[in-house]
Amino acid sequence: MFRIGSKIISYDSPTYIIAEVGVNHNGSLEMAEKLIEVAKQSGADAVKFQTFKSEKLVSKSAKKAKYQTVNTDEVETQLEMLKKLEFSHEEFKYLKKYCDEQDIEFLSTPFDEESADFLKEIGVHAFKIGSGDLTNLPLLKKIAKFNVPILLSTGMANLGEIEEAVHVLEHSEFALLHCTSNYPAPVEEVNLKAMETMAKAFGKIVGYSDHTEGDEITISSVALGAKIIEKHFTLDRKLPGPDHAASIIPSELSNLVTAIRRVEKSMGDGIKRCTPSEVDTKNVARKSLVALTELQRGTILTEGNLGIKRPGNGIEPKHYEKLLGKAVKNHVNEDNVIEWDDVL
C-alpha cells in the first residue's frame, strides 16, 4: 500500500495518474496554470513539475542529451537551456496554491538538496525522484529523512542499482516506477515485464513513467499491473523546448485517462464465470439435445432420433450418451428441445 495525500494506492485501487508537466511550461506561469487546468479536466490525479536550481544541477560544461539537442538550440549549453525553464520558489508556491484551488495534487521532482528542502517546506504529499538521481544516494538519504512517501523512477538502472537505492529507502514509504529514459523511448526497449521483476524483487507497488509516443504502451502497462502512471503532456508538441515533441496533447491526455479507467474496469476479479450480459447469448449460442423426429411416449432414444441443436436452454449435449437407450415419457414434437422431465 502507498499513499499520496488522501489517496491510497494499492493492488486493488484505481491507477494513480500523474500528468507530467516537467518543464513544458517553458518558464511561463500562465502556461503552467493552463497545464494544471488541462490535467484537472482530463481526470488526472496529480500534476507534476520539476524543481531545480540550474547552477546546482549542471556544470557549465555539461552537454545536452541527444534528444535535447534535436529539440532545442544546438549551440546553447544544458545550463543555458535549463536556466530558461527554471521557476523561482515564489512561483512554485503560487503553483502549489493554484493546484490546491483546482483540487489536483501538486507534485514536483527536486534535482538538488535545496529544492528538496523547499518542497518539504511547502508541504508536498510525496516526492518524485527522477531516474537520473537513482544513484544519488546522498539526495535519497536526505529525502528519506522527511518521512514523506517517495516515487522512485528507475530508468537507466539495473536491478543491483535499484537494490542499493531501496536499501537507502528501506524505512520509507515508497513505490518504484519503471522507465526507459529516452524521449521518445523506442517501444522495443520499453521492457514492461521489468515491472513484474521489480514487484517480485522488492515487494513494492510498481508503476510506469512513460516516454513512448502515443498511449498504447501506457495502457498496456496498466493491464500488466502498473498502479501509478506518469506521462508527459504539453499544450502543443510544436512548442520550443526539450520535452514537447515527446509529450501528448490535452485531448490525448483526456483519452488516455478514459482508456485507463476502461482497462481497470475490464480487469475484474479473476473468477471465471458466466457474466450477467452473457446469459442471453448463452441460451442462444449454446446447444441442447433435441428430437430429430416426433417422439411418442415410450420411444427409445437413438442416434437416429436424438440430435444436438440450438438453443441452449435444454439438456446440455454433454449428456448425449447418457440419454441414448432411454425411453421418452412425454410426447415431444420434432425439432423441440428435450427436457429432463421428458425422459424416464
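The model is predicted: local features need pLDDT of at least 70, side-chain atom pairs count only at pLDDT 80 or more, and totals for chains, interfaces and linings use all residues. Residues are numbered from 1 along each chain as its sequence is written, and side-chain values use heavy atoms, without hydrogens or water.

**Helix pair**
- Helices α7 (residues 137-144) and α8 (residues 159-168) pack at about 30 degrees, with axes 9 Å apart.
- Helices here are DSSP runs (H or I, at least four residues), and strands are E runs of at least two.
- Axes are lines fitted to C-alpha atoms over the stretch in contact, with angles from 0 to 180 degrees between N-to-C directions.
- Leu137, Leu140, Lys141 and Ala144 of α7 meet Glu164, Ala165 and Val168 of α8; contact means heavy atoms within 4.5 Å.

**Asp210**
- Asp210 lies in strand β9 (residues 206-210).
- Asp210 counts as buried at 1% relative accessibility, because the limit is under 20% relative accessible area (1.4 Å probe, protein chains only).
- Beyond its neighbours within four places in sequence, Asp210 touches Ile217, Thr218, Glu230, Lys231 and His232.

**Nonpolar cores**
- A nonpolar core is a set of buried Ala, Val, Leu, Ile, Met, Phe, Trp, Tyr and Cys residues joined through side-chain atoms within 4.5 Å.
- The largest has 62 residues; Val47, Phe49, Phe106, Phe127, Leu176 and Phe233 have the most contacts inside it.
- A second, separate core of 13 residues includes Phe2, Tyr16, Ile18 and Ile205.

Conventions. Buried means under 20% relative accessible area, exposed over 50%, partly exposed in between (1.4 Å probe, protein chains only).
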